[in-house]
Amino acid sequence: MDLYPLILAFPLIGLLINAVLGRRLGVRGSGAVASVAVLLSFVGAIQAFIKVRHLVALGDGEARLVVRLWEWIHVGGFSADLSLLFDPLSVVMILVVTGVGFLIHVYSIGYMSHDRDYARFFVYLNLFMLAMLLLVLGDNYLVLFVGWEGVGLCSYLLIGFWYDRMFTTKMSNAAAGKKAFIVNRVGDFGFLLALFLIFTNFHSLNFDTVFAAAAHHPAATGVMTAIGLLLLLGATGKSAQLPLFVWLPDAMAGPTPVSALIHAATMVTAGVYMVARSHILYALTPDVLTVVAWVGGLTAIFAATIACTQNDIKKVLAYSTVSQLGYMFLGLGCAAFGGGVFHVVTHAFFKALLFLGAGSVIHAMSDEQDIRRMGGLRHKLPLTFATFLIATLAIAGLPGFSGFFSKDEILAAAFSRQPALWGLGVVTAGLTSFYMFRLMFLTFFGKSRVEPERAAKLKESPPVMTVPLLILALLSIVGGLIGLPPVLGRHLLGGFLAPVFEGLHHIEGFGHAEHLSASKEWLLMGISTVAALGGFLLAWTRVHKVGDKEGLFAKSRNGFYRLLEDKYRVDEVYDLLIVRPLSKLARFCWRVVDELVIDLAVNFSGLGVRLGGELMRLFQNGRIQSYAFFMVLGLVMLLIRVLVQQG
Amino acid sequence: MTNWNVSLLAPEIVLSVCALLIMLLDPPLRRKRLAGFSESVALVGFLGALFLGLMRIGLPVDSSFGGFLIADALSTYLHILFAVIGLSVLIMSIPWLRRDGVRQTEFLVLLIFAVIGMMIMSCSAEMVTMFIGLELLSLPLYVLAGYLRNRERTIEASLKYFLLGAFASALLLMGIALQWGTYGTLHLSSVAPGSGAAPLSLPLAAAGFWLVVVGLGFKVSAVPFHFWTADVYEGSPTPVTALMSTGTKAAAMAVLLRLMSAGFAPAAIEWMPVLWWLAVLTMSVGNLMALVQANIKRMLAFSGIAHAGYLLLAICAGGTAGNAALLFYLAGYTVMNLGAFAIVGLLEGKGERFQSIYDYSGLAKRNPWLAAMMTIFLLSLAGIPATVGFMGKFFIFTETLKAGHIGLVVIALLNSLVSVYYYLRVIYLMYMKDEWGEKPVCRVPASVGILLAFTTLVTLWLGVAPNRLLDALMAAARIF
């Protein structure tokens, strides 16, 4: 039986069941319902994958399945259907979303076992899956936008899931959720403007129609550039790129499985997906594409430097996510659309693993997140340690692990396009390796700095949490094999995705990408390996060796270090330049415009109307004589008017 | 050739037979304790009339009794409307009759006769027949208004209604006489053309016309012929108020529509300015007065006056579409008003004690369903979207705008704005305030529950999907 047309139905049913019955099912029942729903979607995704792969193998025509659910909007010249588009790009995405999503659902059963609001949690998770699938599978920008907003909503709900707790001393979880939502709105605003521009210029929001129209009759360069930049603004919001990345680190207020699922593996890659989906529009405006590349490259190194100084295990991972997303944009910007998607896939594996591992540590540490109070955990949490190590090796890009291949592909593309960008990428690779091993050493090696009462309760997480870790660890090792560089073998993913990016060949300057020569390939791989090892060595000497000596965590006098620790004080700058002026303006509108001007005007006219009523009331005196008199008066006035008119 | 086709009167005949049956058989049967006999007969009568009215949909235009009666789509529509109104008022009144321990035989008979009067008005093609219908409607209402004859307020209402009504009837009759003297015919469709002169060029003809308008204006409670409305609505038993505010208004408005858009349409240029002022006054005074009322029935009375103003707007708009908008609004107004009065009737308690709007405080906690439905009716009366009240206003205002009366529409919009205040005040009290004083438990009889569910659904349904009814009414709006 084909499940893929029903792929949206499963999470929907799951969330309905949990919304109604969740409390009665208990945490296991509720979690099982949610997980099975996602599992069924995953099976549907696999079926869709098999079908699409078959179509790709046939090689003729377009490798895609379209499931038309219903005609959604049909107004005037505008129409949008709710159709699902299964093509190689969307199939790869849903495989990751449902596959990793399923593992995280299962993991959550263990992680959320002590929380009384598990039903609400699973409802949100399934709602997220629904929205994310809608985002990826929609065959037009409008459905994509619905999913886009839907995942944003779920992200908000889940960041503020523990709305009664404080995230930091200054910020409540609810405020963190709000921040994420509002920053995203800035991006969404750009996205929406882009949609309006697309519709006014191409009279459709359907991907095929728009891309065909854009390729054959492109709009004015200015308009195309605006569309590209506005879409990019949307993507920087959702995918936490410069300048809108500030929400993601604070999104860590949510439960850790949420960080893994939404703020690492899936939702934040929506921007990457959207840019990859719109590759035609970007290919037509090479300048914008260059902007994409620079945004990605700069974000990558920017976030990586911050990650080197953070002491909260989830914050480090959060900045590392921003940095890795930067790599993806770098890849997209260097026209390696397939490479960007490849990194989405591998990153989903190892970053989900890192977060789940971190969650396992936090769970074992009774909600402690500060790595300064950890250390030596590898003996107590062997499984978590082993899987976390694998993920670290993968993200650091050591040869053989999945991250190596996808990062390498992006770096190769950057090298052939703009060596400066490649330089940024390599330095970031070194930094990545450094901060990840720093995290590793501080958490799992050295002497234990765990507070005694926490240490007493320290034990490895239950199988429901560790089995997903093991599966993800396996994927983190072998996941790179689907995209080997030309010198090593076949790029399976690239071949699979080829039909999607077929349209690029018709655009000038985007013919078959010239492959680097084998020697250059080897050289580049060698350099990035050296960078990774360099990072490791630096961490070894500067963190592990220094180890427990005093002064490691002392407040540094180095101004740059403190700037990094304060995350370049971007939040403060935004607060000063945007938040405060806006809030001042709002206060002015409230106190002066609304309370003084509008309220007075409204109250005054209300008073006038009331007085009018009271005046009328005088005539309504209850006496029949006067009633009859007014009737006659009215009649007489009527008749006088008639006479005047005729006389 | 004179046509004596009696079948045109089938609904009226069925109702008359039922009324006679009740009168004849109720006294002997009552002794045998056959309770519910009269109600059942009345119910059967209204259902029969409704059925016969529905049967007539789509039949060609016909006339009978020498052209005194006309059966066109308009009269068919109004027959159906009046049957529904009669049925609803019957359903509302049965619990009331039981509750206040009032003799019911006469009540039911008078109710039926009043409805027959409305029906005759709606299908009369000629002024004397119309007048007979009007009197057949008015006389039972005078009695019904004072049905609780041991209650002072009711007597006062009845007397006021009777005296002023008789006065208005006299004016109307005078107008009819003047018309006859001028034109030699009283057929609504042919008065003016028959004379060969421009319709209102003769002073006497004009005076006659305006006297007729005043007589009808009294019934629709157009300002300044409206003074009776609040006192009478307040004093009358609530089901009777419901009948007056929906049925009487609809019947008189229908005659006014026939008059203005058939025989006197060519004279529009002369009556339009006056009607313009009538509409403005009616809307504005109605809304301003409603603003300062604390009794819910008085408030609804003035709100009814304001709505009569909106209906006059539709007559100003004219044309088939304008007429259709008027008829649509009439249906909507009827439904939401019936619903609102049904709830008022339920909540006022024995002896009609709880009629202050402050008695509605905290209703949402005491009786969430009633509060929710009352909210829907009030929102609809205020013209909030997704209700029939909004759609009706929308159609009327659009048509008026198309007819070029921009000023009128602006005033109407301002009026709607003002009206939102007093409707929302009740909603505010129901939801935001705590209960005020002790209230008896309000049980909703199944029949009234069904009526409320029906009116709520229609209010929402016509607010969301008005097109089918509107299309059907376009046929009824072509008046000959």
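This is a predicted model: local features need pLDDT of at least 70, side-chain atom pairs count only at pLDDT 80 or more; totals for chains, interfaces and linings use all residues.

Visitor: Which helix is A:N126 found in?
Guide: A:N126 sits in helix α3 of chain A, residues 118–137.

Visitor: And is A:N126 buried or exposed?
Guide: Buried. The relative accessible area of A:N126 is 0%.

Visitor: Zoom out. How many helices and strands does chain A have?
Guide: Chain A has 24 helices and 2 strands. Of its 647 residues, 55% are buried.

Visitor: What about contacts in chain A between residues 24 or more positions apart?
Guide: They account for 80% of the chain A contacts with a separation of 6 or more.

Visitor: Now chain B. What's its secondary structure?
Guide: Chain B comes to 19 helices and 2 strands. Buried residues make up 64% of its 480 residues. Among chain B contacts with a separation of 6 or more, 81% join residues 24 or more positions apart.

Visitor: How much area do chain B and chain A bury between them?
Guide: About 2600 Å², with 76% of it on carbon and sulfur atoms. Chain B gives 37 residues to the contact and chain A gives 24 residues.

Visitor: How many salt bridges between chain B and chain A?
Guide: The count is 0. Polar contacts do turn up across that interface: 4 residue pairs, both partners at pLDDT 80 or more.

Visitor: Which elements of chain B give two or more residues to the side that touches chain A?
Guide: These helices of chain B: α6 (152–183), α8 (203–220), α9 (228–235), α11 (268–291), α12 (296–317) and α17 (406–432).

Visitor: How do the residues on that side of chain B divide, nonpolar, polar and charged?
Guide: On the side of chain B that touches chain A, 30 are nonpolar, 2 polar and 5 charged.

Visitor: Staying with charge, how many salt bridges over all chains?
Guide: The structure holds 30. Take A:D2 and A:K51 as one of them, with the closest N and O atoms 3.1 Å apart. A:D2 is in the segment before α1 (9–58) of chain A, and A:K51 is in helix α1 itself. They are 49 residues apart, so the pair links distant parts of the chain.

Visitor: Are A:D2 and A:K51 buried or partly exposed?
Guide: Partly exposed. A:D2 has a relative accessible area of 36%. A:K51 comes in at 32%.

Visitor: Give me one in chain B. What does B:D72 form a salt bridge with?
Guide: B:R258. Their closest N and O atoms are 3.0 Å apart. B:D72 lies in the loop between β2 (69–71) and α3 (73–100) of chain B, while B:R258 belongs to helix α10, residues 238–263. The pair therefore ties together parts 186 residues apart in sequence.

Visitor: Is B:D72 buried or exposed? And B:R258?
Guide: B:D72 is buried, at 4% relative accessible area. B:R258 also counts as buried, at 5%.

Visitor: What about B:K160 and B:E156?
Guide: Their side chains meet in a salt bridge, 2.8 Å from N to O. Both lie in helix α6 of chain B, 4 residues apart, about one turn of the helix. B:K160 counts as buried at 4% relative accessibility, whereas B:E156 is partly exposed at 40%.

Visitor: Which residues are linked with B:K160 and B:E156 in a network of salt bridges?
Guide: B:R153, B:D231, B:E234 and B:R298 are linked with them in that network.

Visitor: New topic. How many residues has helix α15 of chain A, and how far does it reach?
Guide: Helix α15 of chain A, residues 382–396, has 15 residues. From first C-alpha to last it reaches 21 Å, close to the 21 Å expected at 1.5 Å a residue.

Visitor: Why call α15(A) largely enclosed?
Guide: Because 11 of its 15 residues are buried. Among them are A:F385, A:F388, A:I390, A:L393 and A:I395.

Visitor: What covers the buried residues of α15(A)?
Guide: The cover includes α13 (313–333), α14 (337–364), α16 (402–417), α17 (419–444), α19 (463–478) and α21 (518–545) of chain A.

Visitor: And what comes just after α15(A)?
Guide: A:G397, which takes a positive phi of about 80°.

Technical notes: Residues are numbered from 1 along each chain as its sequence is written. Chains are lettered from A and ligands numbered from 1 in the order in which they are written. Side-chain values use heavy atoms; hydrogens and water are left out. Contact means heavy atoms within 4.5 Å. Buried area is the accessible area (1.4 Å probe) that two parts lose on being put together, summed over both. A salt bridge is a side-chain nitrogen of Lys or Arg within 4 Å of a carboxyl oxygen of Asp or Glu. A polar contact is a pair of N or O atoms within 3.5 Å; within protein, one must be able to donate a hydrogen and the other to accept it, and residues adjacent in sequence count only if both atoms are side-chain atoms. Ala, Val, Leu, Ile, Met, Phe, Trp, Tyr, Cys and Pro count as nonpolar, Asp, Glu, Lys and Arg as charged, and the others, Gly among them, as polar. The expected span of a helix is 1.5 Å times one less than its number of residues. Buried means under 20% relative accessible area, exposed over 50%, partly exposed in between (1.4 Å probe, protein chains only).
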